[in-house]
Amino acid sequence: MDTQVIVVGAGPVGLLLAAELRLGGVETVVLERLAAPSTASRASTLHARTMEFFDQRGLAAELGTPPNDGAGHFGGLPLDLGGLDTRYPGQWKVLQARTEELLHARATDLGARILRGHLVTGLRQHPDHVEVEAQGPAGPVRLRAAYLVGCDGEESTVRQLAGIDFPGAAADKELLRADVDGIDIPGRRFERFPTGMAVAARRPDGVTRVMVHEFAFRPAPRTGPPAFAEVAAAWARVTGEAIGHGTPLWVNAFDNTCRQAARYRLGRVLLAGDAAHQQMPVGGQALNLGLQDAANLGWKLAAEVRGRAPAGLLDSYHDERHPVAERVLAGITAQSHLLLGGAEVDGLRAVFAELLTLDGVAEHLASGIAGLDVRYPLGPGDHPLLGARLPAFELATGPQRGDVLRLLRTGRGLLLALSGDEDRTARLAAELRPWAGRVDLAAGWPGHGTGADLAGHDLLVRPDGHVVWADTSGALGPALLRWFGAPTGD
Ligand SMILES: Cc1cc2nc3c(=O)[nH]c(=O)nc-3n(C[C@H](O)[C@H](O)[C@H](O)COP(=O)(O)OP(=O)(O)OC[C@H]3O[C@@H](n4cnc5c(N)ncnc54)[C@H](O)[C@@H]3O)c2cc1C
């Protein structure tokens, strides 16, 4: 075997996955067709759940304090994201190139090998390994590994070579975007005109990002970005303003194609990120959804490769993440109707705007966009945190206070003994001993804030930060076996 896992694609999802695999102690090679990292202007928003996960791994601090904007939207209708119950409310403005730089450093620091200039062209599955062919800078390359993960974007070669279906809906709506210098037009946020919708936002450097959609336009597949003249003409038709004299710095089009891989795993091949789901990048959810796939998959695949995974653990990646993306895609589809529909959606928009004023409705939609509402259907038991992510809180141990999320930096599981009962904690410690090296124990008392509600309970947390057992779920042993496998003394 040349390595244990091959990741195809050094986009944000492939890089985070490579880092997580290395944290789990697995040899990882990333094959990337581009010779150098992309500097293209793409996603610019990290949502709360992604920031929490970065915090769990000690990465959030490396981003400094990015600009934060609580003013979100749902299909163009204003939606506050700043009031959510998280350490990271709001939208964190981080350019995708910066996120990729951070994750690249993390993956390589942990020992992932990233081979650039390698275009994957072939793939064969065998009973005990997978073999991949790539065109490298010095000619064809053949590599073998136990598993391969396609993080190679929406056109995923891996998905096609593996023969995984990608059902869904083709685009029937399109938006044109451009960053333009030398124009002076009014700022507008999802402003509706009789024939279309327009957005204009001027950056501090004087460049204006314009985005325009014509209600009646039916897109055809494109082979490259639109000409700036096309954007300027659409802008003029919709708003009546001229921007054609400006200097375009970046021009791009995107549409409402909505597809999802039928399965995220086929034998020794898995998919994550845009390779697994293609969606309109409205509300900045596309990138965040993919990063959370990587967080879910990394530790499971590492356990599988190291022979520690209990039966079914690797398949739980599809079982957990496919429904999450299905729901996000449904939300994005709803938003695309509200945002890009013409006069026929005016009534729907009015009803939605009214609903958003009702108690709990805006919060419900906002926590979905932020990725905070993910609750995997895990049992037994009815503790409110079962399946949900562990919220951040201060943990007091004697006179010491520490941040509970720091305890997840190791990439191991975590048993939180919060009962304050020394005998009970000692019994848990004894029960946990055979899993030493896979699950850490921390005993203490939650400080003020969210954690105070947890006092008196014991919780088992997976390496991705999701709670899989509480003392109300019955005995601890079966949960340790289910998530961390039979103890082998390693
Ligand atoms: C123009 C544009 C604008 C966008 N704007 C937004 C936005 O505003 N908000 C938002 O949330 N999302 C946006 N997105 C989507 C967001 O960028 C993606 O969701 C995100 O990049 C997905 O990450 P990924 O790692 O899954 O895939 P990608 O970032 O697509 O990375 C895939 C990688 O795989 C490599 N690759 C592909 N095929 C092969 C092969 N055969 N062999 C080797 N390597 C290969 C590619 O070169 C690439 O580096 C935008 C996307 C585009 C294209």
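Guide: What follows begins with the ligand, passes to the cavities, and ends with the strands. Please note that this is a predicted model.

The shell around the ligand comprises 28 residues, and the closest of them are Glu-32, Gln-96, Val-120, Arg-177 and Asn-252. Sorted by class, this shell holds 12 nonpolar, 10 polar and 6 charged residues. Three elements each contribute at least two residues to the shell: helix H1, spanning 12–23, strand S9, spanning 119–125, and helix H6, spanning 286–305.

Individual polar atoms may be considered next. Arg-177, already named among the closest residues, has a side-chain N or O atom 3.1 Å from a nitrogen atom of the ligand. Arg-33 places a polar side-chain atom 3.0 Å from an oxygen atom of the ligand. With Pro-12 the backbone is involved: one of its polar backbone atoms is 3.4 Å from a ligand oxygen atom. As for how much of the ligand is covered, its exposed area when taken alone is 990 Å², and the protein buries 87% of that.

Rolling a probe the size of a water molecule over the atoms shows where empty space is left. In this model the count is 2 cavities of 30 Å³ or more. The largest cavity has a volume of about 90 Å³. Its lining consists of Arg-49, Phe-53, Gln-292, Ala-295, Asn-296, Arg-321, Gly-371, Val-374, Tyr-376, Asp-464 and His-466. Helix H2 (48–56) and H6 are the elements that give two or more residues to this lining, and H6 provides the largest share, with 3 residues. By class, the lining of the largest cavity divides into 4 nonpolar, 4 polar and 3 charged residues.

The second largest cavity holds about 30 Å³ of space. Around it stand Glu-20, Leu-23, Gly-24, Arg-57, Trp-299 and Gly-411. Its lining has 2 nonpolar, 2 polar and 2 charged residues.

The strands complete the view. A hairpin of 4 residues connects S9 to S10.

A further hairpin is made by S28 and S29, with 5 residues between them, and Gly-465 in its turn has a positive phi of about 90°. Strand S28 covers residues 458–461 and strand S29 covers residues 467–470; their antiparallel pairing extends over 3 bridges. Leu-459 stands opposite Ala-470 in S29.

Finally, there is an open sheet of 3 strands in the order S3-S7-S4, paired in the antiparallel sense. Its edge strands, each pairing on one side only, are strand S3 (45–46) and strand S4 (68–69). S4 meets strand S7 (residues 91–93) over 2 antiparallel bridges, and Gln-91 in S7 is the bridge partner of Asp-69.

How values were computed:
Residues are numbered from 1 along each chain as its sequence is written. This is a predicted model: local features need pLDDT of at least 70, side-chain atom pairs count only at pLDDT 80 or more; totals for chains, interfaces and linings use all residues. Side-chain values use heavy atoms; hydrogens and water are left out. A residue is near a molecule or strand if one of its heavy atoms lies within 4 Å of it. A polar contact is a pair of N or O atoms within 3.5 Å; within protein, one must be able to donate a hydrogen and the other to accept it, and residues adjacent in sequence count only if both atoms are side-chain atoms. Accessible areas come from the Shrake-Rupley method with a 1.4 Å probe; for residues, only the protein chains shown count as cover. Ala, Val, Leu, Ile, Met, Phe, Trp, Tyr, Cys and Pro count as nonpolar, Asp, Glu, Lys and Arg as charged, and the others, Gly among them, as polar. On a 1 Å grid over the protein atoms alone, a cavity is a set of points where a 1.4 Å probe fits but cannot get out, and a pocket is an open set with protein on both sides within 12 Å along at least five of seven lines; lining residues have an atom within 4 Å of a point. Grid points are joined across faces, edges and corners, and a volume is the space filled by probe spheres set on the points. Two strands pair if DSSP finds at least two bridges between them.
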